[in-house]
Amino acid sequence: MSMFSTGILVLTSPLHTLPLRIAPVLSSAAQLVESTLYVHLHPGLNLGGGSQPRPVFIPPAVDLSTLITRLYSNAADVCGHLDVRVLLTNVRTHSATCSGTMIPSCPFPTPQPLSHSPDVVLTDFPLQDPGQSHQVKQCLQKYAGHCYVCSPSLPSVLLHPLLIKLQEKQEQLKEPEEKAEPLETYGDVVVGGTFDRLHGAHKTLLNISCLLANRRFLIGVCDQAMLKKKVLKELIQPYSLRVQRLQEFLQDIKPSLQVEVVPLDDPYGVSVVDPLLQCIVVSEETRRGGEAVNKKRTENGLPALVLHEIQLLKDAHHTETEEEKISSSSLRSRLLGTLITPPKDTSHLPPLPYVIGLTGGSGSGKSSIARQLEALGAVRIDCDKLGHEVYQPGTEACHKVLEEFGSDILNEDKTINRCALGRKVFGNQERLKALTDIVWPEIALLVKNRISQARDEGKQVCVVDAAVLLEAGWTHMVHEVWVTVIPEEEAVLRITQRDSLTTEEALRRLHSQWSNSKQVEHANVVLSTLWEPEVTRKQVLKAWNLLQKRIQQRQEGQ
């Protein structure tokens, strides 16, 4: 069966039976949909009754909250590639106001536009009579068109043949003896977080917050000051992009809500000063933060917020170095070694050898990664060694440096004293530029010669190991830029131990270089040596294997 980019999954099973069905239903849907899967809940919907059913309001219930958590948890396990979104437009406490008048059972006065236009509508509706298949599909198509903006000829698919084995188990489930426990809702609800690369745990938090909120949903999104201690903070999406993704998600989920997104520069934000807020949604991990918010609100003469606690979602795919819960830091760590930005046009370069420009701040482990790539078969071009070569007596660069800085920088053997030269340029940007304007072009020539030599030898990959790759503007010589990053505190620790420098000297060295974030802006691939050597080795091997695939695809495409 052909694949569709975006689908709407209409779940018709009673709420108490859905937990058993969610995983196989999602798994079946994932065989047909490859990008975005919207989930519309209408327990008890009968698509085979002869008359055309209409959407109705369903009340927010504790079971519904539990189901949403289960759904996102299962989605992370069985169809992690899909952007799953549980739609809540038809979930409301009382009769809704439609076009200014009180009209019951009117969730969709007009079809709701979605940010991704649906290509297919799917359902778990159990078909009793195969002869009804065409009628049920038509009914489903019209139902979807009444709720959401989609093509009148939207294909409809009944997932029941894939779910038939569940029927017996479902029939064994007894009807719940008690009525569904209603969920307490509030006018104004607040949450806070980083919301980097929206994942299942974020969506659970946002969906349940939307269930709880009747009027306004306030979201504090961590900005600069709150990101300093985050793992791989350089890979966190820009604030504006995180906000845009949040707003798009919430507009799909519950467009009737008034959504306010504000930057979070401290752990409290507006939650401690907004008098209208009634509820804050937390997890067991952030509960203490919620309690701290209430303490501040009390100090400010404001009523305490109701703390609504949700479950953390377990990450079934986590590694030893990752958190057990679904988290953005784990997702960022999985980006290491992968192509995070496509290479720029390098048609001016010969296809082989494929040249990697490897760079990173002092102490980042760049050279150890270069040696690992060399062991895998790459030709390593060490620009630090080439830098020493250009200073040798008799070279063009040596002559120009002496002309610019004077003969008092010479040792007795007529070689340049690098320490004496360093003292002349230290802290003086103008003099430093005069030196690099002489030395960098000469090193670049040597790099080009080494690449040509590797080409003559039939080598496939070269790695240009260069601390100043970006500052020197050498990216025109390479097909891809790879950047190694580690936190500043770790870099300082390594530099002080390795080079016998003080903390202040190490910081001064680091601050004279491009920041990690600035380097990552230019990176196609990012690596980190923060963890154990074995973790780095696996990371490098992953990066190398993916590189080989890219080179092969490139050759096949020529």
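**Exercise 1. The enclosed space**

Task: State the volume of the largest cavity and find which residues line it.

Solution. In this predicted model, the largest cavity has a volume of about 40 Å³. Counting cavities of 30 Å³ or more gives one. The next step is to list the lining: Pro60, Leu88, Val91, Arg92, Thr93, Thr185, Cys210, Leu211, Asn214 and Lys254. Sorted by class, these residues comprise five nonpolar, three polar and two charged.

**Exercise 2. The chain as a whole**

Task: Describe the chain by its helices and strands, its dimensions and its share of buried residues.

Solution. Start with the elements: the chain has 19 helices and 17 strands. Next, take the box along the principal axes; the C-alpha atoms fill roughly 100 × 65 × 40 Å. Last, turn to burial: of the 558 residues in the chain, 47% are buried.

**Exercise 3. The largest pocket**

Task: Determine which element gives the largest share of the lining of the largest pocket.

Solution. The space in the largest pocket is about 2200 Å³. Its lining has 49 residues, and those closest to the pocket centre are Ala467, Val468, Arg509, Ser512 and Gln513. Now look for elements that supply at least two lining residues each: α11, β14 (379-382), α12 (383-390), α14 (418-425), α15 (429-456), α16 (488-499) and α17 (503-511). Of the contributions, that of α15 has the largest share, with eight residues. By class, the lining divides into 17 nonpolar, 18 polar and 14 charged residues.

**Exercise 4. The second largest pocket**

Task: Locate the second largest pocket by its closest residues and by the elements in its lining.

Solution. The second largest pocket holds about 1200 Å³ of space. Among its 48 lining residues, Gly192, Gly193, Thr194, Lys230 and Thr286 are the closest to its centre. Two or more lining residues come from each of β8 (186-193), α6 (200-212), β9 (213-222), β10 (258-264), β11 (279-283), α9 (287-299) and α10 (328-335). The class count for this lining is 25 nonpolar, 17 polar and six charged residues.

**Exercise 5. Rings**

Task: Classify the one aromatic pair of the structure.

Solution. The structure holds one aromatic pair. The ring centres of Phe108 and Tyr148 are 5.2 Å apart and the planes stand at 70 degrees, so the pair is edge-to-face. Then place the partners in the chain: Phe108 is in the loop between β5 (101-102) and β6 (120-123), while Tyr148 is in the loop between α3 (133-147) and β7 (156-158). The partners are 40 residues apart, and the pair links distant parts of the chain. Phe108 counts as buried because its relative accessibility is 4%, under the 20% cut-off. Tyr148 is buried as well, at 1%.

A ring can also have a charge over it, as at Trp514. The charged end of Lys518 sits over that ring, 4.2 Å from the centre.

**Exercise 6. Loops with a proline or a serine**

Solution. The peptide bond from Leu352 to Pro353 is cis, with omega near -5 degrees.

With a relative accessible area of 64%, Pro182 is exposed. Pro182 and Asp63 are 119 residues apart in sequence, and their C-alpha atoms are 8.5 Å apart in space.

Ser364 is buried, with a relative accessible area of 3%. A polar atom of the Ser364 side chain lies 2.8 Å from the backbone oxygen of Gly361.

Technical notes:
Residues are numbered from 1 along each chain as its sequence is written. This is a predicted model: local features need pLDDT of at least 70, side-chain atom pairs count only at pLDDT 80 or more; totals for chains, interfaces and linings use all residues. Side-chain values use heavy atoms; hydrogens and water are left out. On a 1 Å grid over the protein atoms alone, a cavity is a set of points where a 1.4 Å probe fits but cannot get out, and a pocket is an open set with protein on both sides within 12 Å along at least five of seven lines; lining residues have an atom within 4 Å of a point. Grid points are joined across faces, edges and corners, and a volume is the space filled by probe spheres set on the points. Ala, Val, Leu, Ile, Met, Phe, Trp, Tyr, Cys and Pro count as nonpolar, Asp, Glu, Lys and Arg as charged, and the others, Gly among them, as polar. Rings of Phe, Tyr and Trp (its six-membered ring) pair if their centres lie within 6.5 Å; planes under 30 degrees apart count as stacked, over 60 as edge-to-face and the rest as tilted. Helices (H or I, at least four residues) and strands (E, at least two) are DSSP runs, numbered from the N terminus. Buried means under 20% relative accessible area, exposed over 50%, partly exposed in between (1.4 Å probe, protein chains only). A charge sits over a ring if NZ of Lys or CZ of Arg is within 6 Å of the ring centre and within 35 degrees of the ring normal. A polar contact is a pair of N or O atoms within 3.5 Å; within protein, one must be able to donate a hydrogen and the other to accept it, and residues adjacent in sequence count only if both atoms are side-chain atoms.
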